[in-house]
Amino acid sequence: MSEILVNAVSKTWGGVGGVDRISFKAEAGSLLVLLGPSGCGKSTTLRLIAGLEEVDSGTITIGGRDVTHLSPAERRISMVFQSYALFPHLNVAENIIFGLKVRGVGRAERDEKLKKVADIVGLSHLLERKPSQLSGGQRQRVALGRAIIAEAPVCLMDEPLSNLDAKLRHEMRTEIRSLQQRLGMTMVYVTHDQTEAMTMADRVILMRDGHIEQNGAPHELYNEPASDFTARFIGTPPMNIMSWQDDAMLGVRPEHISLIERDGVPATVRTVEYLGADSIILCDVKGETVSVRQTGYCSLPAGTKVELGWQNRHIHLFDRDSGKRRAAHALS
Amino acid sequence: MVAAVMSATEPKAARRRNWAVSVNAWLLLLPAIVLLATFTHYPILATLYHSFFSLGRSGPAEFIGLDNYRYMLDDDVFWQVLRNNFIFALATVPTSIALALLMAVWVDKKIVGRSFLRLAFFTPTVLPMIAVANIWLFFYTPDYGLLDQFLKSLGFSGHNWLGDPSTVMTCLAVMVVWKEAGFFMIFYLAALQSIPPELKEAASVEGASRWYFFRRVTFPLLMPTTLFISINALINSFKLVDQLVIMTKGGPNNASSLLLYYIYEVAFNFWDTTYAATLTVTLISILAAVALTKFVYLDRRIHYQ
């Protein structure tokens, strides 16, 4: 099967940007998300796997085959670009079968595959259109169709949904995930949207400044963030990080904090964001902002004095200097 | 919406305002209209008018209908310069376009000295045609010109390049290609840089070779530029005759004369202004046909982004 192994790969442009000795593995048939803020090296990593950039050092293997110095075509991958990279002068059908034509696949086989793929991505009625005559979501589907028609075992996606509106993004998220599972592809998916990462991934790699910050299943990143960076990046709103002792920071998720009668941490309500199913109360605790999630509607005027409480098992501790997670028992 | 409601309640005020807007617009257009009418539209109509009259050297000009056109069709020199002009266009237009594309693709790559190359390719465009003609006149001079000196060093004998009817057109065509290609290269370069680089990456993931990508993606996407350039080149091949004044005066024996140069000769050497008007109408018709072909036929068959 076609698992992807990235081993100690480095790439910089004259010492600027890029990635520094990163290693990870994408299991065959799984969806791996590379997550991180812009400039963290996630797109670079994807382009290195695709062969669009040459590694400075390290090796990449796909399905047990060393592809480190092979051309993109020889790596037997497909790729979806952020801009979709559709050929503007070709119609939908020609765009989808571009790769088959390049490889000299016969007309009958081409037509048959096109029909199948067009059905899968729901474009059968638009095959004659030019990309400029399509909506953003339809263009996205063309790009998807072009990626899956080759039946490459590995599919790479570079922020494929970032140009779509929120509703469509949600729709395509589900669709891409089910497509990946149905076709059994190994997929590497780059995004800066943690919701996308959490909902789609089998495994998430959170990156920062060319390093891997944490590599784990979505629930691991959420429940056991390895650093305050992960804690702050994952979750909406993210984890509250407060000053603790001299050398430590304390983290609590907003949903684990409650308003209590007495003996809590004194706080002042700054504002309340009502989201429908729940409300986020933004409080001021000694100059730091702490968000509290409350179920349902909550009306507290700004300036109200409240007391915040949480249970010790929900506490995360981070080293102040390194930001690294400390063992939970350090507290007791 | 608002305008409709207003005109229903206050039709007069609305109409007055419409009128004021129109007057304002026409006043703003007036300077351009005056200039165009005086120096373009009126001369065209006047030329057309004069082409139906006799010269009137002895007495008043008389209306002679299509006599001037009949004379033109019997004029051997007219047919020769027209043929020359088409050969000249056929020789220069495709060559300069191909050369421009080649240069543009070359200097679009990340190579050392790219800016210098671009500048070098563009330099001939900056030079005035008169200067270019003088430089190339020296190249082609028999015996001590650059070309002959070079050929002599290889053991060939001298040749009167511009004085031989069989070589003069080729010599002029080479020079014009040299002058024009750099200019067209700039358009191709701009078009090449507007093609998103992801297209190339997407194609390379699919395994397309560079030649395949050029043939199936780059070249079709450059078609609007190619059309624009070819129309310009074609029009230029009828319009640019400065070099003839310097280099050959249309000779030898009209072998290098072009339609516009012939018009100039007829009008200002032979002072046959009505026949010159007739020839001018013919030239304008040819150019108009070229422009119409572009707008009516070719534009529909090309992908514009």
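## Domain layout

In this predicted model, the centres of domain 1 of chain B and domain 2 of chain B, taken over C-alpha atoms, are 42 Å apart. The assignment places domain 1 of chain B at residues 2-44 and domain 2 at residues 77-301.

Chain A also has two assigned domains, with domain 1 covering 4-223 and domain 2 covering 237-330. Here the separation of the centres, again over C-alpha atoms, is 38 Å.

For the model as a whole, the scores are ipTM 0.84 and pTM 0.78. Chain B has a mean pLDDT of 85, with 95% of its residues at 70 or more. Within chain B, helix H9 has the highest confidence, at 92, while helix H1 (residues 2-9) has the lowest, at a mean of 50.

Where pLDDT is low, the predicted coordinates should not be read in detail.

## Where the chains meet

Let us turn to the interface. Between the two chains, 17 residues of chain A are in contact with 16 residues of chain B. On the chain B side, two helices, H9 (197-205) and H10 (210-239), each supply at least two residues. H9(B) gives the most, with 6 residues. H9(B) is also the helix where confidence in chain B is highest.

What is the make-up of the side of chain B that touches chain A, by nonpolar, polar and charged residues? There are 9 nonpolar residues, 4 polar ones and 3 charged ones.

## Helix H5 of chain A and its two partners

Helix H5 of chain A (residues 136-149) packs against helix H4 of chain A (residues 107-121), with axes that come within 9 Å and cross at roughly 135°. H4(A) is therefore oblique to H5(A), and the crossing is right-handed. From H4(A), the contact draws on A:Lys113, A:Val117, A:Ala118, A:Ile120 and A:Val121, and these meet A:Arg141, A:Leu144, A:Gly145, A:Ile148 and A:Ile149 of H5(A). By class, that contact has 7 nonpolar residues, 1 polar and 2 charged.

H5(A) has another partner in helix H6 of chain A (residues 166-183), where the axes come within 12 Å and cross at roughly 15°. The two helices are therefore roughly parallel to each other, and H5(A) passes H6(A) in a right-handed crossing. On the H5(A) side the contact is made by A:Gly137, A:Gln140 and A:Ile148, and on the H6(A) side by A:Leu168, A:Met172, A:Leu179 and A:Leu183. This contact has 5 nonpolar and 2 polar residues, with no charged ones. A:Ile148 takes part in the contact with H4(A) and in the contact with H6(A).

## Helices H2 and H13 of chain B

In chain B, helix H2 (residues 11-50) meets helix H13 (residues 273-297), their axes coming within 8 Å and crossing at roughly 120°. H2(B) and H13(B) are therefore oblique to each other. Which hand does the crossing of H2(B) and H13(B) have, left or right? H2(B) passes H13(B) in a left-handed crossing.

H2(B) contributes B:Ile44, B:Thr47, B:Leu48 and B:His50 to the contact, while H13(B) contributes B:Thr273, B:Thr274, B:Ala277, B:Thr280, B:Val281 and B:Ile284. The contact divides into 5 nonpolar and 5 polar residues, and none are charged.

Terms used
Residues numbered from 1 in each chain as written. Chains lettered and ligands numbered in written order. Predicted model: local features only at pLDDT ≥ 70, side-chain atom pairs only at ≥ 80, totals over all residues. Contact = placed C-beta atoms within 7 Å. Helix = DSSP H or I, 4+ residues; strand = E, 2+ residues; numbered from the N terminus. Nonpolar A, V, L, I, M, F, W, Y, C, P; charged D, E, K, R; others polar. Axes fitted to C-alpha atoms, helices over the stretch in contact; angles between N-to-C directions. Parallel < 35°, antiparallel > 145°, perpendicular 65-115°, else oblique. Left-handed = near helix turned anticlockwise from the far one by under 90°. pLDDT = per-residue confidence, 0-100. Domains from an automatic or database assignment.
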